[in-house]
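This briefing concerns the structure shown below.

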Amino acid sequence: MKLQEYTESKHNFEECMKCTVCTAYCPVLQANPLYPGPKQAGPDGERLRLKDPYFFNQALKYCLNCKRCEVACPSGVNVADLIQSARIKYDHTPPKLRDVMLANTDFMGKLARPFAPIVNGVTGLGITKTVLDATLKIDHHRTFPKYSGTSFEGWLKRHRKEQAAFPEQVAYFHGCYVNYNYPQLGKDLVKVLNALGVGVQLLEKEKCCGIALIANGMSAQARKHAEHNVEQLRQAVTGKGLKVVTTSSTCTLTMREEYPNLLGVDNADVRESLLLATRFIYEKLEKGAQLKFKPGYHKKVAYHTPCHLEKMGWGIFSQKLLQMIPGVEFTLLDSNCCGISGTYGFKKENYEVSQAIGEPLFAQIRSVNPEVVACDCETCKWQIEMSTGYTVMNPISILAEAIES
Amino acid sequence: MNANEFDVIIIGGGITGAGTQRDCAMRGLRTLLIERSDIATGATGRNHGLLHSGARYAVNDPESAEECIKENMILRRIAAHCIDETDGLFITLPEDDLAYQQTFVDACRRAGIGAEIIDPELARRMEPSVNPDLIGAVKVPDGSVDPFRLCAANMLDAKLRGGQVRLHTEVTGFIKEGNTIKGVHTVNRQTGEKADYYAPVTVNACGIWGQHIAELAGVKVGMFPAKGALLIFAHRVNNVVINRCRKPANADILVPGDTVCVIGTTSTRIPFEECDHVAVTPDEVTLLITEGAKLAPSLSSTRILRAYAGVRPLVSADDDPSGRNISRGIVCLDHETRDGLKGFITITGGKLMTYRLMAEIATDAVCRKLAIEKACETADIPLPGSEEKSYEAVAQKIWEAPTTAQKAAASRMGTRASRIRTGNKRDDALICECEEVSVGEINAAIDRLEVSTLTDLRRRTRVGMGTCQGEFCACRAAGLLAKAHGCIERERKDLEDFLQERWKGNFPIGWGDTLREAEYTQWVYKHVLGL
C-alpha cells in the first residue's frame with residue numbers, strides 16, 4: 001500500500017491539530033472579542049478562503065502579527081503567516097492616509113529630520129494630538145517619537161575612516177528609528193563593537209525593512225523594499241563576506257522571516273548572516289573576546305523580551321549579555337505582549353485593546369520597580385515608556401554605558 | 001381519514017426517494033417517506049458530488065449524457081444553494097491518445113454539451129493545480145453538488161407541502177390483499193416501535209437495496225452492486241473539476257466540493273450481501289493516490305481526510321464484470337404490468353444527476369395509477385433555500401456585515417439561513433470551528449430537518465466534516481442534541497457511535513497528520529472526557 005511520505009500545505013496549515021493552544025496564547029483575543037482568534041483566522045479560515053475568497057474576514061486586521069501563536073503551536077503551523085498572507089492576498093481595501101503616513105517610516109523621517117526641532121515641538125503639543133486624533137484617528141494618548149537633527153547615517157559617514165581601520169568589519173542595518181529618531185543607539189553599538197575590535201560600516205543604501213507597510217496593507221511597496229534590501233544584504237554578505245547586525249528585533253524578523261514567507265522574496269543566501277547585535281556580541285564573547293566593564297557600575301534592570309525576538313528564539317542572547325554585566329541587578333519579565341505592535345497601537349480604534357493587552361506587563365514592571373526596563377524593540381519602548389513612565393533602554397545601550405570608553 | 005393512510009408511500013430516503021416525495025407532494029398527493037437509516041446514506045451520499053455535464057458518458061452512453069446536461073441546467077436553476085458552478089476540464093496527458101479528444105468533443109456536441117477545446121496553457125491558468133504536463137484540454141459545464149443538502153432540501157419541500165417522513169424506520173414486510181400492495185409493516189430501529197402504513201401505491205426507491213424490498217413484495221429485481229471507493233482531501237486543491245479525456249477508468253475525476261476535494265472512483269463488483277458493509281481496501285487507496293496525482297500532482301502530498309466507498313445501484317443487464325459498461329440509464333418498473341403485482345413501482349438505475357427526472361418518471365407512474373392529471377413542476381420551482389442565485393446575495397440580504405460563520409451558513413442553507421437565530425452570544429457561538437457552524441444553525445437543523453443523531457446532523461450541517469473530524473464539535477453538538485431530545489444517556493451512546501463512524505473513514509488512510517489528529521481526538525474523548 002502506498003503511504004504518503006509527507007504532506008505539504010501553505011504555511012503548514014494542514015498540520016493544525018485544532019488543539020487551540022494558539023487561541024489561548026493570543027493576546028488580542030483576550031482584549032478584543034471582534035477578533036476571531038488565530039485558529040479561526042488562520043488554519044480554519046484558510047480552508048474556507050481556498051473555497052472562495054468571499055470568506056475572507058476583515059476582522060483579520062486586528063491581528064498584531066506578534067507571532068505568539070506560532071511560538072505556542074506544537075505542530076509547527078505558521079499561524080500568523082497564514083493570517084498576514086490572507087490579508088495580503090484578499091484584502092484590497094485601499095489604505096487610509098493615516099496608515100500610509102504611519103507605514104512610510106523612512107519617508108516621514110526624511111521629511112521631518114531637517115525640521116526636527118519644529119516637528120518635535122509641534123507633535124508634542126496637546127492641540128496637535130487633539131487634531132491628529134480628530135482628523136487622522138491617531139490616538140491622542142500617543143506621542144510620536146522625536147526626530148533627530150542629524151541622521152545616524154550622516155554621523156557614521158563622518159567616522160568612516162576610523163571605523164575602516166578596525167581589523168574586523170561588520171555591516172549595520174540601523175533601521176528607520178536609529179537613523180531618524182535615536183542615533184544614540186547606533187553610536188552605542190559602534191562603541192561596543194569597537195571595544196571588541198570590530199569596525200562598523202553601513203550598507204550601500206538601506207531602506208525601511210517594510211514591516212509597517214505589510215501591516216498597513218501596502219505589500220507591493222513592502223516587496224520593493226524587500227527586494228532592495230536583500231540585494232543590499234547580498235552585496236555585504238556575499239560581496240564583502242560580512243555579517244550584518246541590527247539593533248531592532250522586528251527589522252531582523254522581517255528581513256529574515258517575513259521576506260520569504262509573506263512577500264515571496266528569497267533571502268536564503270543572506271538570511272543566516274543577518275543577526276541581532278546581541279547575538280553577534282554574545283557569540284564573540286563566548287569565543288573568548290573580552291569587554292572591560294566600569295568598576296562600581298550598578299543598575300536594576302528588568303528585561304522585556306519583544307514578541308518577535310521570542311519568535312526567533314533569541315531573547316536568551318540579550319538576557320545573557322545583560323546578566324554578564326557586573327553590577328546589573330537582573331529581572332526577567334514574564335512573557336507578555338506590550339500591545340503596541342508598531343503602528344497598530346497608534347490607531348485610535350486600537351488604543352484601548354492595545355493598552356489592555358499590555359496591562360499585565362505594565363503591572364509587573366511597576367511591581368518590580370527597576371531603574372530601567374531593557375528591550376530590543378523601539379515600539380515596545382514607546383509603549384512601555386508611555387504606559388508606565390519607566391525609561392526603556394536597548395540592551396546595547398546598557399552595555400555601552402557599562403563598559404570603559 | 002386515518003393518520004396512517006396516505007396516497008403514496010415512498011421507501012428509501014436517498015435522493016431518488018426524496019425527489020419522488022417532493023414531486024408527489026407538488027402534485028397534491030399525501031406522501032409518506034420511509035427510510036431505514038438517515039437520508040442520503042446510500043449511494044446518494046457516497047459519490048463524488050459531481051454535477052456531471054454528461055461529458056463523461058458522451059462517447060459510450062449518449063442517452064445518459066443527454067439526460068445529464070438537461071438535468072445539469074435544471075439543477076442550476078432549482079438547486080442553486082446545493083451547487084457550485086465550477087466548470088470542468090477533460091485533460092489529455094502525454095500517455096493518453098490525443099485523437100480521442102476530437103471523438104469526445106464531437107460526442108459531447110451531439111449530446112448538447114458545450115465542450116470547448118482550449119489551449120493547455122489556458123487550462124493551467126484556469127486551474128493552477130492541474131498536471132502541468134497536459135497536452136490537451138476541453139472545458140465542459142461540470143460543477144459540484146452537495147448531495148446531502150440536495151436530499152434534505154427535497155425532503156424539506158415535501159414536508160412543507162404536507163408530506164410526512166419516518167427516518168430510522170425499516171420496512172419489514174408488505175400488507176398485501178390478493179395481488180395488490182396495500183401498505184407496509186415497519187419497525188422503528190431506534191425505539192423498536194412497530195407501525196403499519198397504508199397507501200394505494202408504494203414506490204420502491206431503495207437504490208441497491210431495492211432488490212431486497214422487491215423480494216419482500218414478492219417480485220424480483222436483479223441489481224448489480226458495483227463498489228466505488230473515493231478519497232477526501234482536507235482542503236480544496238482545485239477549484240475546477242478535473243477529468244481525464246479518455247474512456248472512463250479508475251480514479252479519473254477530481255471534484256472540489258465545499259471545503260474539500262474528492263478523488264474517485266474505483267469500480268469492483270461485490271456480492272449483494274456486502275452492500276451494507278463496504279470498506280475501502282489498501283489497494284484502492286494506492287490506486288486513488290497514484291492515479292489522482294496524475295490529474296493534480298499536489299494530491300500526492302496533500303493531507304487526506306477520509307476514505308469512503310459507495311455502491312452504485314446499477315440494474316443487472318449483461319455479464320460485464322466491472323459494471324462500467326452498464327447504462328446509467330433510468331429504470332422504472334411498474335410491477336403491475338411486469339409481474340402482475342398492483343400498487344407497486346420500482347424506480348432505480350440512474351444517478352444523482354438525474355434524480356429529478358427519475359422522480360418525475362416515478363411520479364408520473366404513480367399519478368397514472370391514481371388517475372391524477374397534474375403536470376410535473378419540479379424543473380421550474382426552486383427548492384427551499386434556492387430562491388437566490390448566490391450565497392453572497394443571500395448573506396448580504398440577511399445581514400448588513402455578515403461574519404464568516406454567517407457567510408458559511410448562507411452557503412449551506414441558502415435563503416433558509418434567514419431562519420437562523422443570531423445576534424446574541426449563545427446562538428452565534430460556534431459548534432464546528434472547521435466549517436463555521438453556529439449554535440443557531442444547528443438548532444435550525446434540529447427544528448426542521450428530522451435530526452435524531454449526530455451523524456444525521458453532520459449530513460445536514462457539515463458538523464464534523466472538517467479537518468478535526470468531530471474532535472471539538474462532536475461533544476458540543478451532542479450537548480445540543482441531548483437538550484433537544486431531553487436524554488443524556490442516549491446522546492452519550494450517539495457520541496460514541498459518531499466518533500466510531502469518523503474513525504472508520506480515517507482508518508484506511510490512517511497516517512501522518514490525520515492519524516495524529518485521530519489520536520488526539522481519542523485522547524480528548526477517552527482520557528479527558530472519560531467516554
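In chain A, four strands form an open sheet in the order β2-β1-β3-β4, with parallel pairing; strands are DSSP runs of E of at least two residues, helices are runs of H or I of at least four residues, both numbered from the N terminus, and two strands pair if DSSP finds at least two bridges between them. The model is predicted: local features need pLDDT of at least 70, side-chain atom pairs count only at pLDDT 80 or more, and totals for chains, interfaces and linings use all residues. Residues are numbered from 1 along each chain as its sequence is written, while chains are lettered from A and ligands numbered from 1 in the order in which they are written.

**Sheet of chain A**
- The edges are formed by β2 (198-202) and β4 (274-276) of chain A, each of which pairs on one side only.
- From one strand to the next, the twist averages 40° (axes are lines fitted to C-alpha atoms, for helices over the stretch in contact, with angles from 0 to 180 degrees between N-to-C directions).
- Strands β1 (residues 168-173) and β3 (residues 244-246) of chain A run parallel and are joined by 3 bridges.
- Tyr172(A) has Val245(A) in β3(A) as its bridge partner.

**Contact between the chains**
- 26 residues of chain A are in contact with 31 residues of chain B (C-beta atoms, placed from the backbone, within 7 Å).

**Chain B**
- Chain B contains 18 helices and 23 strands.
- The C-alpha trace of chain B spans about 65 × 55 × 45 Å along its principal axes.
- Among contacts in chain B between residues at least 6 apart in sequence, 71% join residues at least 24 apart.

Definitions and conventions:
Contact = placed C-beta atoms within 7 Å.
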